[in-house]
Amino acid sequence: MFIIFDSIKEKYLAFNRLYEETGDKPFEGKDSLLSLYQYIFDHVYNWVVVVDAEGYIAMINKPYCEFIGIPQEEAIGRHVTEVIENTRMHIVVETGHREIGDIQKIKGNNMIADRIPIFQNGKIIGAVGTVIFKDMLELDAYVSKIMKMESQIAYYKEELKKITGGNYTFKSIVGNSEKIRRAKELAQKVSSSKSNVLLLGESGTGKELFAHAIHNASSRGDLPLVKINCGAIPSELLESELFGYEQGAFTGAKKGGKPGKFEMANKSTIFLDEIGDLPLNMQVKILRVIQEREVERIGGLKPSSIDVRIIAATNRDLSEMVRKKLFREDLYYRLNVVNIQIPPLRERKEDVSLLSNYLMRKLAKEMNCHVTAISPKAMEALVRYNWPGNIRELANIIERAINFIDKEASILLDHLPFYIRKELSNDDADNPYQLGSLKEIIEEVEKNSIIKALKETDNNKYKAAKILQISRTSLYEKMKRYSLEL
């Protein structure tokens with residue numbers, strides 16, 4: 001036994017006397033810190049024992065002594081094998097090897113214990129043993145609690161994805177046509193990569209769906225996808241949305257500041273939708289974020305390092321914009337590491353039937369309506385239509401039709417709008433739907449005029465609204481109504 005052992009015991013007896021003398025104030029006095037340590041040692045939930053290099057007990061807490069039925073004063077100074085049944089503390093100080101999660105039987109109870117050797121200057125001076133679980137029932141209860149917590153965390157993660165619209169995978173992308181299969185295969189290949197992805201395709205083709213699927217299949221999928229529509233936010237607000245700001249950075253800045261989308265996407269993915277609408281001054285700042293891997297808030301004093309993967313999307317021809325100096329060439333190449341072209345619905349007509357039935361089932365469930373089929377004539381009209389608004393427009397039409405269903409339980413031809421129904425008029429001279437209501441005809445003309453104006457202005461909403469002689473707000477409302485939203 002070490003010579004210092006007696007001093008350890010003397011200190012232990014001393015703070016016991018100190019505790020008795022101080023009464024209600026055990027941690028006040030010249031040895032208050034020692035008294036505090038002893039108080040904690042005796043009141044921790046786990047049972048703890050400390051032995052010296054020869055296996056003699058230097059410290060043991062009260063709960064442990066109460067269980068084995070021996071006073072603390074009698075236990076201290078005795079060899080651990082005389083006090084604790086089936087102990088291996090003396091073996092640990094001999095071998096110097098830690099024993100974690102070992103089963104030890106004491107008074108008929110199977111306990112789970114940890115035994116850790118204590119080294120000083122490379123030499124073993126003792127060991128500490130802790131009973132982690134006092135019986136197998138306690139272990140089972142702990143494991144059950146952890147499993148329940150894991151289940152709850154998984155549930156809340158799923159709910160968070162649903163709320164943020166991120167519970168989408170590659171199975172959510174419906175279609176068997178060659179073009180959509182090629183796009184899906186490429187997207188699946190790059191999911192595990194850290195490379196930036198550029199999604200190209202017309203409005204309503206499912207670019208955001210692809211972004212979610214790529215993100216959720218990546219190693220970053222446990223965190224939410226952070227989204228921002230670069231074309232929907234006024235340019236004067238875009239910088240604060242992307243990069244955040246510090247308190248007092250400008251009039252109206254929130255107390256405490258606000259993180260930007262890039263900060264929120266740290267360790268995750270940011271989806272920059274409609275990247276082609278990004279002003280040139282913002283393009284420079286995003287290029288710096290990509291190159292330096294850091295972001296600085298408005299009014300900030302120093303940048304913060306970030307780890308963000310970028311998925312960008314646009315319905316515009318970025319290469320043509322680069323040629324016209326409307327989009328920075330260096331940013332274009334930074335974003336265009338992997339280019340995925342998403343085909344418009346008119347180029348995958350073989351998927352219209354599949355998509356229509358899928359949307360019918362999905363929307364009917366959400367709307368709590370009993371709809372089981374789409375009639376052959378209605379399906380024929382849907383397949384023939386050119387779908388300038390792509391899948392978004394198709395979903396809008398199916399939802400509209402479900403609202404008109406009465407007792408049929410099927411979507412019929414007359415549930416579809418006039419401009420869809422008239423697709424059959426060329427082959428059916430007796431078709432009663434060659435003419436529609438005045439309201440339907442006006443809607444068709446209005447929709448086609450908006451499509452034409454957007455094409456002529458390269459999807460510039462301000463210029464399109466000017467050509468149509470309506471406000472930009474009215475244009476957005478009409479685009480939403482006709483599923484032409486960009």
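Tutor: Two strands, which are DSSP runs of E with at least two residues, numbered from the N terminus, pair if DSSP finds at least two bridges between them. The model is predicted: local features need pLDDT of at least 70, side-chain atom pairs count only at pLDDT 80 or more, and totals for chains, interfaces and linings use all residues. Residues are numbered from 1 along each chain as its sequence is written, and side-chain values use heavy atoms, with hydrogens and water left out.

Student: Which residue in S4 stands opposite isoleucine 103?

Tutor: Strand S4 covers residues 109-120 and runs antiparallel to S3, to which 6 bridges join it. The residue in S4 opposite isoleucine 103 is isoleucine 112.

Student: Which strands stand at the edges of the open sheet of 5 strands?

Tutor: The order of this antiparallel sheet is S2-S1-S5-S4-S3. An edge strand here has a single partner strand, so one side of it is left without a neighbour in the sheet. The edge strands are S2 (57-60) and S3 (99-106).

Student: Is aspartate 351 buried or exposed?

Tutor: Aspartate 351 lies in the loop between strand S14 (338-341) and helix H15 (352-366). Buried means under 20% relative accessible area, exposed over 50%, and partly exposed in between, with a 1.4 Å probe and protein chains only. Because its relative accessibility is 1%, aspartate 351 counts as buried.

Student: Leaving aside neighbours within four places in sequence, which residues are in contact with aspartate 351?

Tutor: Contact means heavy atoms within 4.5 Å. With those neighbours left aside, the contacts of aspartate 351 are Gly175, Asn176, Ser177 and Ile180.

Notes
Helices (H or I, at least four residues) and strands (E, at least two) are DSSP runs, numbered from the N terminus.
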